[in-house]
Amino acid sequence: MERNNEDVHNLDEAKVNYKGVKALPFVVGNETFEKLGTTGTSSNLLVYLTDVFHMKTITATTLMNIFHGSTNFSTLFGAFLCDTYFGRYKTLGYASIASLMGMVVLTLTATIEKLHPPDCGKGSATGGACLEPTPWQIAFLLFGLGLLIIGAGGIRPCNLAFGADQFNPNTASGKLGINSFFNWYYFTFTFAMIISLTIIVYVQTEVSWAWGLAIPAFLMFLSCALFFMGSWIYVKLEAEGSPFTSVMRVLVAALKKRRLPSPDQQWPSLFNHIPSNSINSKLPYTDQFSFLNKAAIITPEDKFKSDGSADDPWTLCSTQQVEEVKCLVRVIPIWGAAIMYHVATTQQQTYVVFQALQSDRRLFFGNTHYFKIPAASYTIFTMIGLTIWIPFYDRIVVPSLRRITAREGGITLLQKMGIGMVIAIVTMFISALVEQKRRNLALTQPLSEETGRRGAISSMSALWLVPQLTLIGLSEAFTVIAQVEFYYKEFPENMRSIGGSFSFVGLALSNYLSGFMVTVVHSLTTGNWLPEDLNEGRLDYFYFMVSGLEAVNLGYFVLCSKWYKYKGSGSHGVDEMDFGKTEFEKTVVY
């Protein structure tokens with residue numbers, strides 16, 4: 001069923017909400033299988049590149065940083081195409097098919113022998129060495145990764161919003177339906193990560209890569225099937241047009257009127273027309289970025305339509321439009337600090353896997369029986385730390401802080417981000433100390449019964465990696481969730497899909513930055529810090545360096561926070577407007 005934006009609020013309440021409830025199994029089922037498929041494919045991809053495609057550690061790490069960066073960066077284009085041309089339903093449909101095709105291609109690289117290098121030492125031609133992949137094998141692999149990037153670009157910024165579209169947010173029953181959907185969404189996210197990092201990773205590393213990649217591909221097929229099966233019942237919103245047009249109009253108008261003196265008055269003397277169909281909340285005048293205020297200065301050349309709007313919106317903009325652009329500009333410095341922050345979280349997803357591979361991963365049952373935990377599965381402790389802390393923080397810490405600070409959220413969003421950044425600094429410092437211990441034991445007391453392809457296996461238990469992984473999960477519970485809420489609140493309402501993609505774009509640039517740092521450090525140290533065999537390098541020095549950079553970034557973030565003015569408020573970062581959201585809604589990843 002199609003519905004345009006003007007009809008949304010005129011639909012019968014019971015009818016809209018009934019459709020939401022009826023569509024919920026299709027939407028939640030689709031997203032559950034989609035997350036199982038995508039996380040099952042990407043969570044252990046780093047090990048796949050080194051074990052099956054025989055890539056060097058530095059090459060595989062760089063490629064994964066580029067892949068994750070491109071995956072996150074593509075969400076900006078996906079959100080733009082969704083809002084401007086296709087709408088959420090079509091965007092999700094195209095993106096789901098692209099993801100499925102990408103997973104099928106990756107499965108073929110593991111299943112068909114000609115699509116990946118032969119096993120190390122297999123056949124007399126190799127002489128026991130590991131052959132590098134051919135250019136055609138690399139091209140086929142990159143083709144599959146490219147399809148996954150396209151799929152993620154459409155799915156990530158749209159899937160949660162599409163589920164919420166099935167309910168009328170202006171009715172009590174519709175709000176309950178949306179809250180129920182958010183609960184299921186977060187549950188499926190956690191469930192998919194746990195399954196992917198345990199069962200699917202185990203199948204990939206201990207049974208077969210072919211089966212381990214075929215299972216996520218089949219789950220993605222089920223996701224597509226459920227999504228299209230529910231097409232007849234979905235409520236589908238039309239694309240509203242590009243929100244960037246208004247931003248460009250303000251910039252162009254301010255540039256055209258750059259020679260005019262800056263207005264010293266506020267709203268009364270400036271153009272202040274607000275369209276009746278605008279969904280954005282009215283914003284008060286602010287004195288920051290006064291150059292942009294020139295776009296709202298009325299000159300004798302400006303003409304108006306009968307409804308009060310400007311005849312040429314590229315020469316005269318309303319103060320409301322100007323303030324909306326200011327909201328976007330103010331967010332950018334905070335967003336820049338978030339990019340550097342995510343460098344720490346990236347390290348806990350890449351090199352920590354190689355640390356686990358060269359640590360004792362055995363979990364003993366009795367004296368002789370043991371289970372070897374897959375290296376990629378250790379990152380599940382990040383998710384566990386995050387999920388345990390969120391309800392504890394929401395139900396115990398926030399009420400206590402609220403009594404002290406008299407703020408609904410206990411502390412401001414910027415303060416919450418800052419706490420997470422401090423934890424990230426401590427995490428990288430602890431990571432360096434743990435790596436020192438792992439390396440020293442690998443050199444002095446290696447496991448005599450085991451030797452990895454990259455070098456000696458340290459007698460240090462890989463469980464020593466758990467504290468740093470749990471801490472980075474705690475850090476994300478503060479900073480990442482606060483960032484998502486921050487972008488959601490601070491962006492104008494018609495740009496919230498773009499605001500949602502900001503988190504992913506920040507992650508993308510962080511992945512690129514991390515890959516650049518790894519390449520530069522590897523080059524400047526001639527491979528002495530980050531070699532193939534971690535026992536011969538100094539990964540701990542690299543971790544100390546990241547910890548220092550995070551400390552500098554924290555100082556920059558504090559300065560930006562003191563300067564920042566919250567949307568709809570004339571105060572700086574010490575205050576915050578809550579907009580009436582519930583505590584649970586503040587933890588939902590948009």
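Start by colouring residues 92–112, 136–155, 184–203, 209–235, 370–393, 413–434, 498–521 and 541–559, which an unreviewed UniProt entry annotates as "transmembrane region". Keep in mind as you go that this is a predicted model.

Now compare two of those stretches. Select 541–559: the chain there is 100% helix and 0% strand, with 28 Å between the end C-alpha atoms. Then select 370–393, where the chain is 58% helix and 12% strand and the end C-alpha atoms lie 36 Å apart.

Next, show the aromatic side chains. Searching the whole structure turns up 21 aromatic pairs. Zoom in on tyrosine 48 and phenylalanine 53: their ring centres are 5.7 Å apart and the planes meet at 65°, so this pair is edge-to-face. Both tyrosine 48 and phenylalanine 53 are buried.

Move on to phenylalanine 289 and tryptophan 563, an edge-to-face pair with 5.8 Å from centre to centre and 80° between the planes. Which parts does this pair tie together? Phenylalanine 289 sits in the loop between helix H8 (244–256) and helix H9 (319–347), while tryptophan 563 belongs to helix H15 (residues 539–563), so the pair links parts 274 residues apart in sequence. Phenylalanine 289 is partly exposed, at 29% relative accessible area, and tryptophan 563 is partly exposed too, at 31%.

Finish with two charges over rings. Arginine 538 lies over the face of tyrosine 541, 4.3 Å from the ring centre. Lysine 437 lies over the face of tryptophan 464, at 5.2 Å from the ring centre.

Definitions and conventions
Residues are numbered from 1 along each chain as its sequence is written. This is a predicted model: local features need pLDDT of at least 70, side-chain atom pairs count only at pLDDT 80 or more; totals for chains, interfaces and linings use all residues. Side-chain values use heavy atoms; hydrogens and water are left out. UniProt positions are given in the numbering used here, feature names are shortened, and annotations may be inferred rather than shown by experiment. Helices (H or I, at least four residues) and strands (E, at least two) are DSSP runs, numbered from the N terminus. Rings of Phe, Tyr and Trp (its six-membered ring) pair if their centres lie within 6.5 Å; planes under 30 degrees apart count as stacked, over 60 as edge-to-face and the rest as tilted. Buried means under 20% relative accessible area, exposed over 50%, partly exposed in between (1.4 Å probe, protein chains only). A charge sits over a ring if NZ of Lys or CZ of Arg is within 6 Å of the ring centre and within 35 degrees of the ring normal.
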